[in-house]
Structures are given as structure tokens and as C-alpha cells.
Amino acid sequence: MLIKVNDTVVMLSGRDKGQKGKVLKVDRAEGTVVVEGLNKIFKHVKRSQRNPQGGRLSKESSVDASKVALVCPQTGKPTRIGVRFLPDGTKERYSKKSGATISVVAPARVSNAKKS
């Protein structure tokens with residue numbers, strides 16, 4: 001999974017379809033992400049010293065990573081993500097739609113550099 005924390009994503013399906021949000025948490029084992037402000041659920045809490053009011057708490061629930069797409073920094077539209085090596089051996093994430101660099105994943109390594 002190439003989506004990381006603090007990426008801006010757009011929901012592709014469900015009741016929040018088309019809305020954008022920032023990724024708060026990524027669970028690679030489950031293949032899910034938690035997006036700020038999307039897929040809200042209500043948790044009913046009993047009165048306690050910690051929560052004297054009680055009632056319903058609204059919080060974000062996890063959503064499958066296949067239901068979100070990264071927003072391209074150049075075009076502002078949903079895009080797939082790819083990984084490529086630059087000639088100096090640096091590994092980076094890039095937008096498949098526009099080819100724009102999203103972020104550097106790993107620093108330059110001699111073993112990944114293109115031989116000329």
C-alpha cells in the first residue's frame with residue numbers, strides 16, 4: 001500500500017463519495033486507512049467521571065484502502081500511485097496520471113542507480 005499518513009485522499013464510493021480528507025492512520029496488515037472527517041460513526045458512551053455528559057461521540061472509522069485514491073498535487077484529481085527509481089538511485093512515489101513527484105520514499109543508493 002503506497003498511501004501514507006498526511007496524504008490527501010478522495011473517497012471513491014460510499015456515502016462520502018467525492019469528499020476529500022487527510023489520512024490520520026494507516027493499517028497495512030488490515031489494508032485500511034482512517035481519513036479525517038470521513039466515514040463517521042457514532043459511539044454511544046455511558047456517563048462516567050471521564051465523560052460526565054455521556055451520549056453519542058462522533059468519530060472516524062477505518063475504510064478499506066481500495067475505496068480511496070490519492071489526490072494528485074499537480075492536477076488536484078484522484079490518481080493511482082507508482083514507485084520509480086531516479087537515475088541517482090533515489091526511490092520516489094509519483095502520480096500515474098500526471099507523472100508528478102509526490103514524495104521521496106528512500107534516499108539515493110548505489111545499487112538502485114542506473115548504470116551508464
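The chain exposes about 7900 Å². Carbon and sulfur atoms supply 50% of that area. This is a predicted model, so its values are computed from predicted coordinates.

As for burial, buried residues make up 28% of the 116 residues.

## Strands and overall shape

Read along the sequence, the pattern is β-β-β-β-β-β-β-β-β-β-β. The radius of gyration is 19 Å, while the globule rule gives 13 Å for 116 residues. The value is well over the rule, so the chain is more spread out than a compact globule.

The C-alpha trace spans about 70 × 30 × 20 Å along its principal axes. Now take contacts between residues at least 6 apart in sequence. Of these, 37% join residues at least 24 apart.

## The six-stranded sheet

Six strands form an open sheet with antiparallel pairing. Their order is β6-β3-β2-β1-β7-β8. Which strands stand at the edges? They are β6 (62–64) and β8 (78–79). Each has a single partner strand, so one side of each is left without a neighbour in the sheet.

Look next at β1 and β2. Strand β1 covers residues 8–11, and strand β2 covers residues 20–27. The two run antiparallel, and three bridges join them. Within this pair, V10 stands opposite K20 in β2.

Methods
Residues are numbered from 1 along each chain as its sequence is written. This is a predicted model: local features need pLDDT of at least 70, side-chain atom pairs count only at pLDDT 80 or more; totals for chains, interfaces and linings use all residues. Side-chain values use heavy atoms; hydrogens and water are left out. Helices (H or I, at least four residues) and strands (E, at least two) are DSSP runs, numbered from the N terminus. The radius of gyration is taken over C-alpha atoms; the globule rule is 2.2 Å times the number of residues to the power 0.38. Buried means under 20% relative accessible area, exposed over 50%, partly exposed in between (1.4 Å probe, protein chains only). Contact means heavy atoms within 4.5 Å. Accessible areas come from the Shrake-Rupley method with a 1.4 Å probe; for residues, only the protein chains shown count as cover. Two strands pair if DSSP finds at least two bridges between them.
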